[in-house]
Amino acid sequence: MTAWFKRSDKGIQTPTEAKKDVPKGLWYKTPSGKIIDTDELKVNLYVSPEDGYHVRIGSNEYFEILFDDNKYTEINENLSSVDSLGFEDTKPYPDRIKEAQAKTKLKDAVRTAVGNSYGKPLVIAAMDFAFIGGSMGSVVGEKIARAIDYARENKVPFLMISKSGGARMQEAPLSLMQLVKTSAKLTQLAEAKIPYISLCTDPTTGGTTASYAMLGDINIAEPNALVAFAGPRVVRDTTGQDLPEGFQRSEFLLEHGFLDAIYERKNLKKQINLYLDLILNNPLRSEAS
């Protein structure tokens with residue numbers, strides 16, 4: 001019998017750049033093992049219809065969900081971190097910044113923008129975990145502070161979407177100073193009687209949680225989001241005790257009074273604007289408004 005395929009040349013080696021892989025990103029597998037087509041996942045706002053798992057998304061996706069027709073104007077978009085301390089771990093900090101910028105096409109770990117949501121202006125600061133773990137450095141603090149100033153000066157409600165691993169170690173005390181700066185700016189916003197809603201997404205940890213993420217007039221979260229100062233593993237290793245089931249997940253925090261509500265992603269726009277109308281004593285809007 002003649003084989004249907006016969007290699008005529010032996011020892012063939014294909015260059016790496018010429019190898020063709022099966023296209024990636026066609027399917028997404030949730031932690032519970034459910035598999036969903038990525039196109040369907042996008043249509044469903046990156047939430048698995050099988051088990052309700054909320055896939056981590058970035059500022060671009062949140063802006064698309066919350067701003068009418070995805071129209072907005074970015075604020076202070078060109079701010080970028082500098083290496084004030086000459087910090088170097090496995091690589092110099094400037095190299096780490098350039099690498100993150102090239103990989104994510106972002107300037108830093110937060111984007112701030114203003115646009116209409118249900119027909120009325122809203123300022124949104126949304127963090128991106130893809131940029132060095134959403135770590136909070138000087139640029140993150142400065143952009144949030146300037147966004148708060150814009151909201152206060154223009155009398156526009158402010159929404160903070162947190163997604164962060166905490167303070168950026170490469171900026172050491174400069175990073176920790178952002179807790180004080182953003183908290184002070186939020187005090188000014190409150191004194192001006194401008195509403196502030198904080199949305200905690202997975203994960204919201206460290207200095208982010210210790211400052212602006214928990215200072216909202218209304219504090220809400222997405223389902224099953226990790227919201228904590230120190231993560232469960234650190235707490236377990238420090239205390240030497242087993243932790244309750246679901247410890248530091250948004251449902252656990254809601255039960256213990258740290259959050260006001262939990263909303264699925266498909267309901268965020270409606271609920272955020274409902275809160276704003278109630279706080280401002282305005283007529284209730286709907287998507288058709």
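Analyst: The account below begins with the sheet, turns to the helices and ends with the backbone. The model is a predicted one.

The open sheet has 7 strands in the order β3-β4-β5-β6-β7-β8-β9, and their pairing is mixed. Its edges are formed by β3 (72-75) and β9 (261-262), each of which pairs on one side only. Within the sheet, β7 (residues 196-204) and β8 (residues 218-221) run in the parallel sense and are joined over 4 bridges. In this pairing, Cys-200 stands opposite Ala-221 in β8.

Two helices that pack on the sheet may be described in turn. Helix α4 (residues 138-154) touches β3, β4 (110-117), β5 (120-127) and β6 (158-164). The direction of α4 makes about 25° with that of β4. Helix α8, for its part, touches β4, β5, β6, β7, β8 and β9, and its direction makes about 170° with that of β8.

Helix α8 covers residues 268-280, 13 residues in total. From its first C-alpha to its last it reaches 18 Å, close to the 18 Å expected at 1.5 Å a residue. After α8 comes Asn-281, with a positive phi near 60°.

The backbone shows further points of interest. Most residues other than glycine have a negative phi, and most peptide bonds are trans. In strand β7 lies Pro-203, and the peptide bond that joins Asp-202 to Pro-203 is cis, with omega about -5°. Lys-155, which is not a glycine, has a positive phi of about 55°. This residue is placed in the loop between α4 and β6. Lys-155 is exposed because its relative accessible area is 64%, and the cut-off for that class is over 50%.

Leu-45 lies in the loop between α1 (38-43) and α2 (59-66). With a relative accessible area of 27%, Leu-45 is partly exposed.

A last remark concerns aromatic side chains. Tyr-72 belongs to one aromatic cluster with Phe-63 and Phe-67, and the edge strand β3 covers 72-75. Elsewhere, the charged end of Arg-56 sits over the ring of Phe-129, 4.6 Å from the ring centre.

Notes:
Residues are numbered from 1 along each chain as its sequence is written. This is a predicted model: local features need pLDDT of at least 70, side-chain atom pairs count only at pLDDT 80 or more; totals for chains, interfaces and linings use all residues. Side-chain values use heavy atoms; hydrogens and water are left out. Rings of Phe, Tyr and Trp (its six-membered ring) pair if their centres lie within 6.5 Å; planes under 30 degrees apart count as stacked, over 60 as edge-to-face and the rest as tilted. A charge sits over a ring if NZ of Lys or CZ of Arg is within 6 Å of the ring centre and within 35 degrees of the ring normal. The expected span of a helix is 1.5 Å times one less than its number of residues. Two strands pair if DSSP finds at least two bridges between them. Contact means heavy atoms within 4.5 Å. Axes are lines fitted to C-alpha atoms, for helices over the stretch in contact, and angles run from 0 to 180 degrees between N-to-C directions. Buried means under 20% relative accessible area, exposed over 50%, partly exposed in between (1.4 Å probe, protein chains only).
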